[in-house]
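These are my notebook entries on one structure. I looked up charge pairs, backbone geometry, surface and chain contact, in that order.

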Amino acid sequence: MKLDEFFVTGDPLIYGADVSIALTMIGAIFVLTYFKKWKWLWTEWLTTVDHKKLGVMYIIAAVLMLFRGGVDALLMRAQLTVPDSSFLDANHYNEIFTTHGTIMIIFMAMPFLIGLINVVVPLQIGARDVAYPFLNAVSFWTFFMGAMLFNISFVIGGSPSAGWTSYVPLAGLELSPGVGQNYYLLGLQIAGIGTLLTGINFLVTILKMRVPSMKLMQMPMFTWSSLITMVIIIFAFPVLTVALALMTFDRLFGSHFFTMMDGGMPMLWANLFWIWGHPEVYIVILPAFGMFSEIISTFARKTLFGYKAMVYSMVVIAGLSFLVWVHHFFTMGAGGAVNSFFSITTMLIAVPTGVKIFNWLFTLYKGRIRFTTAMLWSLAFIPNFVIGGVTGVMLAMAAADYQYHNTYFLVAHFHYVLISGTVYACFAGLYFWYPKMFNHRLNERLGKWSFWIFVAGFNLCFFPMYFLGLAGMPRRIYTYGIGDGWMSLNVLATFGGVLMGIGFLILVYNIYYSFRYSPRETTGDPWDARTLEWSTPAPVPHYNFAHLPEAKGHDAFWIMKEEKKQGKAPEKKPYKPIHMPSYSGVPIIMSVFFFTAGFGMVFSWHWMSILGLVGVLATMVIRSFDYDKGFYVSVEEIEETEKKTTL
Amino acid sequence: MSNNEQTNSHSHFPWSHLIGFGLSIVLTLLALWVGFASDFSFRTIMIIVVILALIQAAIQLLMFMHITESDSSRIQVGTILYAVFIAVAIVAGTIWVMSFGMHNMNM
């Protein structure tokens, strides 16, 4: 392979990206060296097994990916604003919508939510860490390396261009001969390991690590939604793993699972992809539902309405999520019986979801509402998500779907549910739990500016797309003619997209501004909130709880505060040494080997993939013979820390 | 916290894991041999491979997944039932969806 085939050449945008990547790396290395921070970075962050730090790293990675995916989105909007635009060529456009979709779902939405779950869930259930802290670090690093492997594709070797669904035969070797599709397969495969491990880890954590006094039906709603999400992850992700492996065999080793010839079944890929893909959308929406429940309950100053109905509706959603996948390809023409069955199961999902919407509304009813930024995101979610949901039911009707399929109507629908569901929740959760993570709040004034601009931009961008879809504009086209009459709505959509970008930039500026100027927290409970994570002091000590808290019902921390008001002060108990897990460098090293193996397989450099896999195996062996059982935090250290923190 | 004592249940040699690992490899090789090198009819091959797969799944559950080590059988039964439900939904659903319209194809 020649060097100019290895690096992507010929496009000024890519050269710009090359330069900015190089400058960022040089800058990071310079800053770390100049301030002598390498050792700090390694001992405090890269080797950490602390769920709070891992959560923060997940969120940082997710915000970076949101930036990357957002730039992709704006490039697409720039191309589509006017007819017959020549800003991007067809292939470049294909690459951009492929990476946009893949990055936003797999490398933005999931890690953002998993990051918040990492930070919040152990605190909510009164645990000092997750069940398997080492595994948690492996999860993060495999996700991160998978994401990096996928991301370098646009400067080294070329990006995938067959869509985030990567349907064969388009994604097969004949029609996508480059290495781009291999990046997709290996990047997702490696990141998927991390997600599956997270699923197992948090399932066990929530079931086994709760404070003994907390019953299942007293868990905070975010913890409940995380638990159900983990069950879906455990059952759905193996399907993706298998499907990706089969396509990898097809592309690298000449097998015929999904090929057109020799008995392969191309549509089986679509089938397997959506058996994972539909549960996947519930993986990214259920934690969002959980967050909205917490935030709405806190800022309406009421306990959540219909707790049990909320839990059961999530269980029903989780069960149904595995029975609807064919609605993604009604037009394959599987026949009336198949389409009717999946049409009905799809519409059924609207029932438990509707129950949840009404429960949020009833929680708001007669509440004393405080309009904080986190609350504004949650309130905007309800009407926007309903628009997405109702159009979803329209799409669920198989006969009507033949009309909507592959048009901008669909694009508008899933952006309405994913952005106003997942992205709003990520922002709401970030504002809400930010003081738990960084010991200061995000500025509310900037937060509200960012909120209004983003929400206005979102609706301006995607609402016109419903009408573009009805007017016949197909998705995934890179340009259209002047005679199609789609220009005015496209201009509007691009304007909205720019506003969303501005809203995001204000959020990023807010992070910097608040770091500089926001007053530090003096209490661990800035919002007068209800659940146990707010009972920890500020900053949260690395062992979370000096004494394990007691959960006496729903909203355990609220009950504690009420009891305190009535003068029932908790008795002072002596501290006991706390057992904590040791930090380890093995997870990051193992993941670097995964990356090496993946990179080798992308280019079919088998010596490199074998080297990487041997490295993975070696790190596993090292871990197996590691008898480090963690350490005890001494009573003196606990006393010292508790004096410094403010409660 | 209850995990203060990291119990020493793992300090003995993991024989059951090793046996399970060995059996899994043997069963997989057997399936490969039946599939590629035996003279059985297609139907017999399919039956043998499915039986081998079920045996292997049972070995995995017993040797690696600690299915007998829980004190609450209610959770175990619930999990297994849910897993069976998902497996049947995926496999039967896929066959149903993918076989429809096959008569239109030259296969």
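**Entry 1: Salt bridges**

I took a salt bridge to be a side-chain nitrogen of Lys or Arg within 4 Å of a carboxyl oxygen of Asp or Glu. The model is predicted, and I noted that local features need pLDDT of at least 70, that side-chain atom pairs count only at pLDDT 80 or more, and that totals for chains, interfaces and linings use all residues. Residues are numbered from 1 along each chain as its sequence is written, chains are lettered from A and ligands numbered from 1 in the order in which they are written, and side-chain values use heavy atoms, with hydrogens and water left out.

In general, side chains of opposite charge can pair when their charged atoms come close.

I looked up Lys565(A) and found a salt bridge to Glu562(A), with 3.4 Å between the closest N and O atoms. Both residues belong to helix 17 (residues 556-565) of chain A and stand three residues apart, about one turn of the helix. I took helices (H or I, at least four residues) and strands (E, at least two) as DSSP runs, numbered from the N terminus. For accessibility I used these classes: buried is under 20% relative accessible area, exposed is over 50%, and partly exposed lies in between (1.4 Å probe, protein chains only). Lys565(A) is exposed at 68%, whereas Glu562(A) is partly exposed at 30%. I also noted a network in which salt bridges with shared partners join Asp525(A), Asp528(A) and Lys561(A).

Next I looked up Lys53(A), whose side chain meets that of Glu44(A) in a salt bridge of 3.0 Å, N to O. Lys53(A) is buried, at 15% relative accessible area, and Glu44(A) is partly exposed, at 33%. The side chain of Lys52(A) pairs with that of Asp50(A) at 3.3 Å, N to O. Here Lys52(A) is buried at 12%, and Asp50(A) is buried at 6%.

**Entry 2: Around helix 17**

I placed Glu563(A) in helix 17 of chain A and found this residue buried, at 18% relative accessible area. Leaving aside neighbours within four places in sequence, I listed Lys552(A) and Lys568(A) as its contacts, where contact means heavy atoms within 4.5 Å.

Lys576(A) sits in the loop between helix 17 and strand 1 (578-580) of chain A, and is exposed at 64%. Not counting residues up to four places away in sequence, Lys576(A) touches Val635(A) and Ile638(A). I also checked its separation from Pro537(A), which is 39 residues in sequence and 18 Å in space, C-alpha to C-alpha.

**Entry 3: Backbone geometry**

Most residues other than glycine have a negative phi, and most peptide bonds are trans. Which residues does a cis peptide bond join at an omega of about 5°? I found Val168(A) and Pro169(A), with Pro169(A) in the loop between helix 6 (133-151) and helix 7 (180-208) of chain A. Another cis peptide bond joins Ala538(A) and Pro539(A), with omega about -10°. Pro539(A) lies in the loop between helix 16 (487-517) and helix 17 of chain A.

I then looked up positive phi values in residues other than glycine. Asp555(A) has a phi near 55°; this residue is in the loop between helix 16 and helix 17 of chain A and is buried at 13%. Asp84(A) has a phi near 50°. Asp84(A) belongs to the loop between helix 4 (51-80) and helix 5 (90-124) of chain A, and is exposed at 54%.

**Entry 4: Nonpolar surface patch**

I recorded a nonpolar surface patch of about 520 Å², made by Phe305(A), Phe358(A), Leu361(A), Phe362(A) and Tyr365(A). Patches are made of residues with over 30% relative accessible area and no salt bridge; like charges are joined within 9 Å, and nonpolar side chains (Val, Leu, Ile, Met, Phe, Trp, Tyr) within 5 Å. Accessible areas come from the Shrake-Rupley method with a 1.4 Å probe, and for residues only the protein chains shown count as cover. Leu361(A) lies in helix 11 (residues 336-364) of chain A and is partly exposed at 36%.

**Entry 5: Chain A against chain B**

The contact takes 29 residues from chain A and 19 residues from chain B. I noted a buried area of about 2100 Å², of which carbon and sulfur atoms give 77%; buried area is the accessible area (1.4 Å probe) that two parts lose on being put together, summed over both. Between chain A and chain B the count of salt bridges is zero. On the chain A side, the elements giving two or more residues to the contact are helix 8 (221-253), helix 9 (266-299), helix 10 (307-320) and helix 11.
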